[in-house]
Amino acid sequence: MATNASACPAAMKATSNGLFQGDNPLHFSLPLAIVQICLVVALTRILAFLLRPLRQPRVIAEIVGGILLGPSALGRNEDYLNAIFPSRSLTVLDTLANLGLLFFLFLVGLELDPRSLRRTGKKALSVAMAGISFPFALGIGTSFVLKGSISKGVDGPPFLVFMGVALSITAFPVLARILAELKLLTTDVGRMAMSAAAVNDVAAWILLALAIALSGTGRSPLVSLWVFLCGGGFVLCLSIIVPPIFKWMAQRCPEGELVDELYVCATLAAVLAAGFVTDAIGIHALFGAFVIGVLVPKEGPFAGALMEKVEDLVSGLFLPLYFVSSGLKTNIATIRGVQSWGLLVLVIVTACFGKIVGTVVVSLLCKVPVQEALALGFLMNTKGLVELIVLNIGKDRKVLNDQTFAIMVLMAIFTTFITTPVVMAVYKPAKRISKAYKYRKIERNDSNAQLRILVCFHSTTNIPAMINLIEASRGTEKKEGLCVYALHLMELSERPSAIMMVHKARKNGLPFGNKGWHSDHNQIVVAFEAFRQLSRVSIRPMTAISPMNNIHEDICTSAERTRASIIILPFHKQQRIDGALEVTRNDYRQVNHRVLEHAPCSVGILVDRGLGGSTHVSASNVCSTITVLFFGGSHDREALAYGARMAEHPGISLTVIHFIASPETAQEVVNIKVDVCENSNTSEGSGDEKFLVKFKQRFLKDSPIKFEERVVRNAAETIEVILEYSRCDLFLVGRMPEVATLIEKSDCLELGPVGSLLTSPDFSTSASVLVVQQYHSQRVSTSGASKWVDVLPEEDLESNNVQQKIIL
């Protein structure tokens with residue numbers, strides 16, 4: 001008895017009395033758990049940052065971080081291991097890790113919509129079945145090799161099933177993030193992979209339940225059958241009893257109102273209760289939590305509220321503990337000798353061969369192109385958290401020994417790591433850009449051609465101003481009309497709710513169908529649908545879901561796909577109640593910079609100061625004054641062309657101020673041009689003169705447009721003239737005017753000197769500002785966005801010598 005007592009570590013007390021009373025905090029469970037959590041979070045975040053250039057999912061960083069903290073790396077130091085992860089703390093660590101995992105699996109269930117499984121096409125279903133059955137069979141074959149070498153003495157049937165499940169899993173959440181990162185969600189490959197992975201995920205849980213039932217320690221073989229049947233019966237009972245209760249809760253949570261805390265607490269308690277029942281049955285507590293998540297209705301704010309309450313704490317703090325718990329069980333040092341490394345290669349080859357070949361063969365039989373079939377095969381080979389859960393359960397139930405466990409963990413890391421680079425190499429979807437895409441700007445010879453606008457917005461706060469701007473851009477009924485694409489920019493993060501967001505907008509970057517408009521009850525979609533019905537404007541809501549660092553690619557691709565003439569972006573600052581502009585998110589500014597650099601058409605940035613009020617103004621009530629500040633240059637011509645389009649609206653009054661530099665100032669501007677482009681024989685002025693002549697001939701004869709010419713000598717006189725029109729509703733300006741010396745240095749490069757002046761706190765005006773950059777066939781950015789080289793449009797060239805204007 002004394003021997004047994006000395007072998008068992010003493011229980012740890014929860015809290016210490018402090019260092020000043022002689023207690024070491026690391027000898028008490030609570031402060032030690034805090035140190036463990038902080039260490040894990042810091043290491044995994046650093047690894048995720050380092051792996052970001054390789055476009056790897058965060059699960060790779062978390063698995064590798066857990067291994068580094070375990071006996072494979074840092075754990076080789078006994079002092080570190082005994083201080084940070086002593087054996088007597090592992091019970092508390094495993095409890096916290098499994099509690100976090102319990103709620104995370106509830107979130108995974110929230111992501112999975114059972115109705116989407118019913119809509120799975122035959123191709124996706126065939127791919128999913130092939131991606132399960134073929135690797136499962138090869139996994140069973142591999143298990144015989146392992147059982148005869150490094151896994152002698154293990155129970156046969158459970159080991160066979162665990163190996164089959166481990167090799168046949170596809171990580172659905174990880175795959176969704178990889179597809180979003182690679183911009184493949186809108187492609188046929190992406191949609192098929194998502195559908196097949198959802199089916200695979202459900203099948204994997206069923207197979208895992210079977211594996212756990214078989215791995216029980218009951219003496220009678222009927223015990224495993226009894227466990228499996230009871231588990232199935234419990235899931236069936238939940239499917240009958242729980243949905244009506246959740247539906248009743250969801251009906252009492254109307255859109256736009258806070259969800260009652262009682263309903264949230266009741267749901268979380270139900271998750272714990274279901275986990276207790278499935279654990280008592282003998283399956284695993286995770287199954288009950290997952291099933292509850294699946295049964296929660298996905299419509300309305302209820303599911304979103306549950307996500308917000310749980311996800312950050314669970315996925316940010318507690319879930320990484322599970323990866324550490326797994327890493328402490330992974331000792332790569334157990335893989336030693338030629339035989340062990342050979343078995344590692346065998347397992348990796350078998351896993352990749354089974355998934356990839358099985359998926360590719362069935363895809364080709366379904367007449368999927370070879371390139372897409374290969375990409376689909378590697379995508380379906382993605383592993384993730386569910387793989388780690390399977391392996392840890394097998395390790396805890398003595399089905400997998402240390403060496404087999406380490407081999408399987410390395411296999412999961414390798415197969416997931418290669419997914420992104422291999423898919424990028426084998427599959428490059430061709431850009432289907434229409435040959436008819438010729439109207440890339442508003443300034444054009446055929447003024448009656450249809451105008452296509454891509455309006456981008458981040459939240460509902462951007463919508464009123466955007467809708468009122470669209471209303472002002474309608475023109476007259478004599479023209480072919482206005483076609484608007486409203487692109488909702490949604491950030492894809494590592495949060496679980498990002499995948500639910502992907503489900504709600506499955507057609508990333510493509511228009512919603514009419515059914516989606518009415519079923520989602522989305523405020524944004526409803527606003528645009530109401531505007532479409534009240535006006536004769538063709539408007540199509542769209543969604544772009546990407547990380548902020550590359551969402552500009554979605555914007556530019558959508559502009560090319562829709563053949564837009566101009567992209568309208570919201571400014572990164574919003575107006576406060578006191579009238580000042582404050583930054584919402586600096587990321588939005590970077591997005592605007594990148595769109596300005598890479599846009600396939602003209603770009604406008606809207607600084608909203610309450611354009612038209614907080615609601616949509618009907619056509620009969622529109623009464624707005626718009627002022628165009630024309631200094632010269634292609635960007636100013638684009639702004640004036642847009643203003644002329646707006647002036648056709650009966651409720652819009654347009655004033656054009658043409659600033660003319662005094663002779664001495666004009667000479668200074670000419671000297672600057674000569675210094676920059678000594679060999680140039682062409683000037684922007686020739687293009688401006690032709691444009692203004694046409695503008696005056698067409699609009700000033702029978703139109704109420706006011707056109708004034710003002711001669712100014714310096715910045716002070718220029719500002720004084722602009723202040724005379726500060727009470728208008730909207731200023732339209734070019735991003736980089738010709739006579740840039742008349743305005744002081746720009747604070748916001750994306751707005752240019754005039755736009756920066758109009759939005760500065762020193763300039764007294766309540767008018768909104770639309771800053772326009774005209775599309776040029778060649779645009780080069782050097783050193784970020786600090787220097788621009790603008791090449792004049794083809795119609796403005798009077799000789800073969802192309803003048804370049806460099807604005808520093």
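**A sheet, its helices and its ring pairs**

Val628 stands opposite Val656 in strand S9. This is a predicted model, where local features need pLDDT of at least 70, side-chain atom pairs count only at pLDDT 80 or more, and totals for chains, interfaces and linings use all residues. Residues are numbered from 1 along each chain as its sequence is written, and side-chain values use heavy atoms, with hydrogens and water left out.

Strand S8 (residues 624–630) and strand S9 (residues 652–661) run parallel, joined by 7 bridges. Helices (H or I, at least four residues) and strands (E, at least two) are DSSP runs, numbered from the N terminus. Two strands pair if DSSP finds at least two bridges between them.

Now widen the view. S8 and S9 belong to an open sheet of 10 strands, in the order S3-S2-S1-S4-S7-S12-S11-S8-S9-S10, with mixed pairing. At its edges are strand S3 (538–546) and strand S10 (706–712), each pairing on one side only. On average, neighbouring strands of this sheet are turned by 20° against each other, direction ignored. Axes here are lines fitted to C-alpha atoms, for helices over the stretch in contact, and angles run from 0 to 180 degrees between N-to-C directions.

Which helices pack on the sheet? Helix H26 (residues 634–647) does, touching strands that include S1 (451–457), S8, S9 and S11 (730–734). Contact means heavy atoms within 4.5 Å. The direction of H26 makes about 145° with that of S11. Helix H30 (residues 752–759) also packs on the sheet, touching S7, S8, S11 and S12. Its direction makes about 155° with that of S11.

Next, the rings. A search of the whole structure finds 8 aromatic pairs. Rings of Phe, Tyr and Trp (its six-membered ring) pair if their centres lie within 6.5 Å; planes under 30 degrees apart count as stacked, over 60 as edge-to-face and the rest as tilted.

Trp248 and Tyr263 are edge-to-face, at 5.9 Å centre to centre with 70° between the planes. Trp248 lies in helix H11 (residues 222–251) and Tyr263 in helix H12 (residues 261–281), so this pair ties together parts 15 residues apart in sequence. Trp248 is partly exposed at 41% relative accessibility, while Tyr263 is buried at 11%. Buried means under 20% relative accessible area, exposed over 50%, partly exposed in between (1.4 Å probe, protein chains only).

Phe631 and Phe659 are stacked, 4.5 Å centre to centre and 5° between the planes. Phe631 sits in the loop between S8 and H26 and Phe659 in strand S9, so the pair links parts 28 residues apart in sequence. Phe631 is buried at 4%, and Phe659 is buried at 2%.
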